[in-house]
Amino acid sequence: MSTHEAANQALVIAIDGPAAAGKGTLARRLAAALGLPYLDTGLLYRAVGRRVLDLGADPAEPDAAAAAARSLVPEDLARGDLRGPAADAAAASVASIPAVRAALLEFQRGFATASGAVLDGRDIGTVIFPDAKVKLFVTATLPARARRRWAELAGKGTEVPLARVEADMRARDAMDAARLAAPLRPAADAVCLDTTALDPDAVFAQAMAAVRAARP
Ligand code: CDP
């Protein structure tokens, strides 16, 4: 590929990491700063889980979950009930089913084809865009992440004890990391950002430095 072609290649920024590490906040800011579209891929798994729950089926049941993934429509991503403990658990269940992941793969790749994109999730840098120019693995300690999610829920009027939020998060992270299909792990060439002691501005500054380093 010529230098000219390389420069014009659509920029894909892959952001992965565990729950409530700050991926979404960072992804939105990067997308706005760089003029790229943003896809929160967690919403895809959340919407599939919701569809299965709506049918009264079990999100761990492969056929029901795969059928829900294949029938997903863009409006599903705008539903108001994709967050909260039940949606979290259903998303993690359907996400461990290979046929669900396969059904969602092309949509994710297609999203970035025209003009590049920022995508956040668990397997963006490892499976969806293994050749992404910029890969960030965003993490923080479990207590810090649980506290953030607890504050987020409280802000929306959902009162859940902090210990419960932390226990649920520990279980979901373990499930995401242990599953056979696209487990949560940093890509070998990812830049790791630990946000435990960083505010959103500091995280953004470090991420922009990684973007600049990848596009001299
Ligand atoms: O917002 P939070 O970090 O808690 O979760 P999310 O990013 O919305 O993802 C919800 C769940 O979907 C995760 O726990 C994963 O099980 C699954 N997921 C996935 O498997 N792959 C992705 N690319 C994104 C989410």
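Helices (H or I, at least four residues) and strands (E, at least two) are DSSP runs, numbered from the N terminus. With that convention in place, I turn to the model itself.

This is a predicted model, in which local features need pLDDT of at least 70 and side-chain atom pairs count only at pLDDT 80 or more, while totals for chains, interfaces and linings use all residues. Residues are numbered from 1 along each chain as its sequence is written, and side-chain values use heavy atoms, with hydrogens and water left out.

I begin with the loop between β1 (12-16) and α2 (23-34), where Ala20 is placed. Ala20 is not a glycine, yet its phi is positive, at about 55 degrees. Most residues other than glycine have a negative phi. Ala20 is also buried, with a relative accessible area of 12%; buried means under 20%, exposed over 50% and partly exposed in between, with a 1.4 Å probe and protein chains only.

Ala20 brings us to the ligand. A polar backbone atom of Ala20 is 3.4 Å from an oxygen atom of the ligand. The protein covers 97% of the 530 Å² of accessible area that the ligand has on its own (Shrake-Rupley method, 1.4 Å probe; for residues, only the protein chains shown count as cover).

Which elements give two or more residues to the shell around the ligand? They are α3 (42-54), α5 (85-95) and α9 (162-178). In total, 19 residues surround the ligand, and the closest are Arg46, Arg101, Arg149, Arg172 and Asp176; a residue is near a molecule if one of its heavy atoms lies within 4 Å of it. By class, the shell divides into 10 charged, six nonpolar and three polar residues.

Asp88 is buried, with a relative accessible area of 15%.

Ala182, in the loop between α9 and β5 (191-194), has a positive phi of about 45 degrees. Is Ala182 buried or exposed? Ala182 is buried, at 15% relative accessible area.

How values were computed. A polar contact is a pair of N or O atoms within 3.5 Å; within protein, one must be able to donate a hydrogen and the other to accept it, and residues adjacent in sequence count only if both atoms are side-chain atoms. Ala, Val, Leu, Ile, Met, Phe, Trp, Tyr, Cys and Pro count as nonpolar, Asp, Glu, Lys and Arg as charged, and the others, Gly among them, as polar.
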